[in-house]
Amino acid sequence: MLKKDQIAQELISIITEDNTIEEIKETLKLCMDSLKSTTLHSLLSEDREYQLCQLNYLQAYRRYQKTDFTESQRDLVDTVLARKDERDLEHTTLAYMAGLLDSYRILKNFGLTAE
(Lines give C-alpha, C1' and ligand atoms only; values in the text may rest on other atoms or scores of the structure.)
Protein backbone atom coordinates (compact mmCIF):
# COMPACT_ATOMS: atom_id res chain seq x y z
CA MET A 1 0.00 0.00 0.00
CA LEU A 2 2.94 2.30 0.60
CA LYS A 3 3.76 2.29 -3.12
CA LYS A 4 0.24 3.52 -4.01
CA ASP A 5 0.43 6.19 -1.33
CA GLN A 6 3.80 7.31 -2.64
CA ILE A 7 2.49 7.54 -6.20
CA ALA A 8 -0.54 9.53 -5.05
CA GLN A 9 1.62 11.92 -3.02
CA GLU A 10 4.02 12.34 -5.92
CA LEU A 11 1.18 13.14 -8.32
CA ILE A 12 -0.38 15.64 -5.93
CA SER A 13 2.94 17.42 -5.36
CA ILE A 14 3.63 17.59 -9.09
CA ILE A 15 0.19 18.93 -9.92
CA THR A 16 0.28 21.54 -7.15
CA GLU A 17 3.81 22.71 -7.98
CA ASP A 18 4.49 25.34 -10.61
CA ASN A 19 4.65 22.92 -13.55
CA THR A 20 3.49 23.37 -17.10
CA ILE A 21 0.63 21.29 -18.45
CA GLU A 22 3.16 19.45 -20.60
CA GLU A 23 5.27 18.54 -17.54
CA ILE A 24 2.17 17.30 -15.72
CA LYS A 25 1.14 15.24 -18.77
CA GLU A 26 4.62 13.69 -18.99
CA THR A 27 4.54 12.77 -15.29
CA LEU A 28 1.08 11.25 -15.64
CA LYS A 29 2.25 9.28 -18.66
CA LEU A 30 5.15 7.89 -16.62
CA CYS A 31 2.77 6.87 -13.82
CA MET A 32 0.31 5.33 -16.28
CA ASP A 33 3.13 3.45 -17.96
CA SER A 34 4.19 2.03 -14.62
CA LEU A 35 0.64 1.04 -13.68
CA LYS A 36 -0.20 -0.54 -17.02
CA SER A 37 2.92 -2.68 -17.15
CA THR A 38 1.66 -5.29 -14.69
CA THR A 39 -1.90 -5.40 -16.00
CA LEU A 40 -0.91 -5.33 -19.65
CA HIS A 41 1.73 -8.02 -19.22
CA SER A 42 -0.76 -10.43 -17.69
CA LEU A 43 -3.35 -9.73 -20.40
CA LEU A 44 -0.81 -10.16 -23.22
CA SER A 45 0.58 -13.37 -21.78
CA GLU A 46 -2.93 -14.88 -21.78
CA ASP A 47 -4.06 -13.57 -25.18
CA ARG A 48 -3.75 -16.19 -27.92
CA GLU A 49 -3.98 -13.71 -30.80
CA TYR A 50 -1.21 -11.56 -29.34
CA GLN A 51 0.96 -14.62 -28.73
CA LEU A 52 0.49 -15.68 -32.37
CA CYS A 53 1.45 -12.17 -33.56
CA GLN A 54 4.50 -12.28 -31.30
CA LEU A 55 5.54 -15.66 -32.70
CA ASN A 56 5.14 -14.37 -36.28
CA TYR A 57 7.20 -11.30 -35.39
CA LEU A 58 10.00 -13.42 -33.92
CA GLN A 59 10.10 -15.64 -37.00
CA ALA A 60 10.30 -12.59 -39.28
CA TYR A 61 12.99 -11.04 -37.08
CA ARG A 62 15.09 -14.22 -37.24
CA ARG A 63 14.86 -14.12 -41.05
CA TYR A 64 15.87 -10.46 -40.98
CA GLN A 65 18.89 -11.29 -38.81
CA LYS A 66 20.01 -14.02 -41.22
CA THR A 67 19.61 -11.87 -44.34
CA ASP A 68 22.78 -10.41 -45.81
CA PHE A 69 22.17 -6.65 -45.84
CA THR A 70 24.78 -3.98 -46.36
CA GLU A 71 25.64 -2.01 -43.24
CA SER A 72 23.71 1.04 -44.46
CA GLN A 73 20.65 -1.09 -45.33
CA ARG A 74 20.71 -2.74 -41.90
CA ASP A 75 21.13 0.67 -40.21
CA LEU A 76 18.13 2.01 -42.12
CA VAL A 77 15.91 -0.95 -41.22
CA ASP A 78 17.05 -0.83 -37.57
CA THR A 79 16.28 2.89 -37.42
CA VAL A 80 12.81 2.39 -38.90
CA LEU A 81 12.07 -0.40 -36.42
CA ALA A 82 13.37 1.65 -33.48
CA ARG A 83 11.24 4.66 -34.43
CA LYS A 84 8.20 2.40 -34.81
CA ASP A 85 8.84 0.91 -31.35
CA GLU A 86 9.10 4.41 -29.85
CA ARG A 87 5.87 5.47 -31.53
CA ASP A 88 4.08 2.29 -30.45
CA LEU A 89 5.17 2.74 -26.83
CA GLU A 90 3.86 6.31 -26.83
CA HIS A 91 0.61 5.15 -28.47
CA THR A 92 0.12 2.38 -25.91
CA THR A 93 0.66 4.75 -22.99
CA LEU A 94 -1.78 7.31 -24.41
CA ALA A 95 -4.34 4.60 -25.23
CA TYR A 96 -4.14 3.37 -21.65
CA MET A 97 -4.62 6.91 -20.35
CA ALA A 98 -7.57 7.42 -22.72
CA GLY A 99 -9.11 4.20 -21.42
CA LEU A 100 -8.81 5.40 -17.84
CA LEU A 101 -10.32 8.78 -18.71
CA ASP A 102 -13.17 7.18 -20.66
CA SER A 103 -13.83 4.74 -17.80
CA TYR A 104 -14.08 7.63 -15.39
CA ARG A 105 -16.46 9.49 -17.72
CA ILE A 106 -18.68 6.40 -18.02
CA LEU A 107 -18.79 5.99 -14.24
CA LYS A 108 -19.56 9.70 -13.87
CA ASN A 109 -22.38 9.54 -16.45
CA PHE A 110 -24.00 6.71 -14.48
CA GLY A 111 -23.55 8.58 -11.20
CA LEU A 112 -21.10 6.04 -9.83
CA THR A 113 -18.35 8.44 -8.77
CA ALA A 114 -17.95 9.95 -5.30
CA GLU A 115 -18.26 13.60 -6.33
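Contact here means heavy atoms within 4.5 Å. The model is predicted. The points below take up the pairing of helices H2 and H4, then helix H4 itself, and then the largest pocket.

**Helix pairing**
- Helix H2 spans residues 21-46 and helix H4 spans residues 71-109; their axes come within 9 Å and cross at roughly 90°.
- On the H2 side, the contact is made by Leu 28, Lys 29, Met 32, Asp 33, Leu 35, Lys 36 and Leu 40.
- Their partners in H4 are Leu 89, Glu 90, Thr 92, Thr 93, Leu 94, Tyr 96, Met 97 and Leu 100.
- Sorted by class, this contact of H2 with H4 comprises nine nonpolar, two polar and four charged residues.

**Helix H4 and its end**
- H4 contains 39 residues, and the distance from its first C-alpha to its last is 56 Å, close to the 57 Å expected at 1.5 Å a residue.

**Largest pocket**
- The largest pocket holds about 220 Å³ of space.
- Its lining consists of Leu 40, Leu 44, Asp 85, Asp 88, Leu 89 and Thr 92.
- H2 and H4 are the elements that give two or more residues to this lining, and H4 gives the most, with four residues.
- By class, the lining has three nonpolar, one polar and two charged residues.

Definitions and conventions
Residues are numbered from 1 along each chain as its sequence is written. This is a predicted model: local features need pLDDT of at least 70, side-chain atom pairs count only at pLDDT 80 or more; totals for chains, interfaces and linings use all residues. Side-chain values use heavy atoms; hydrogens and water are left out. Axes are lines fitted to C-alpha atoms, for helices over the stretch in contact, and angles run from 0 to 180 degrees between N-to-C directions. Ala, Val, Leu, Ile, Met, Phe, Trp, Tyr, Cys and Pro count as nonpolar, Asp, Glu, Lys and Arg as charged, and the others, Gly among them, as polar. The expected span of a helix is 1.5 Å times one less than its number of residues. On a 1 Å grid over the protein atoms alone, a cavity is a set of points where a 1.4 Å probe fits but cannot get out, and a pocket is an open set with protein on both sides within 12 Å along at least five of seven lines; lining residues have an atom within 4 Å of a point. Grid points are joined across faces, edges and corners, and a volume is the space filled by probe spheres set on the points.
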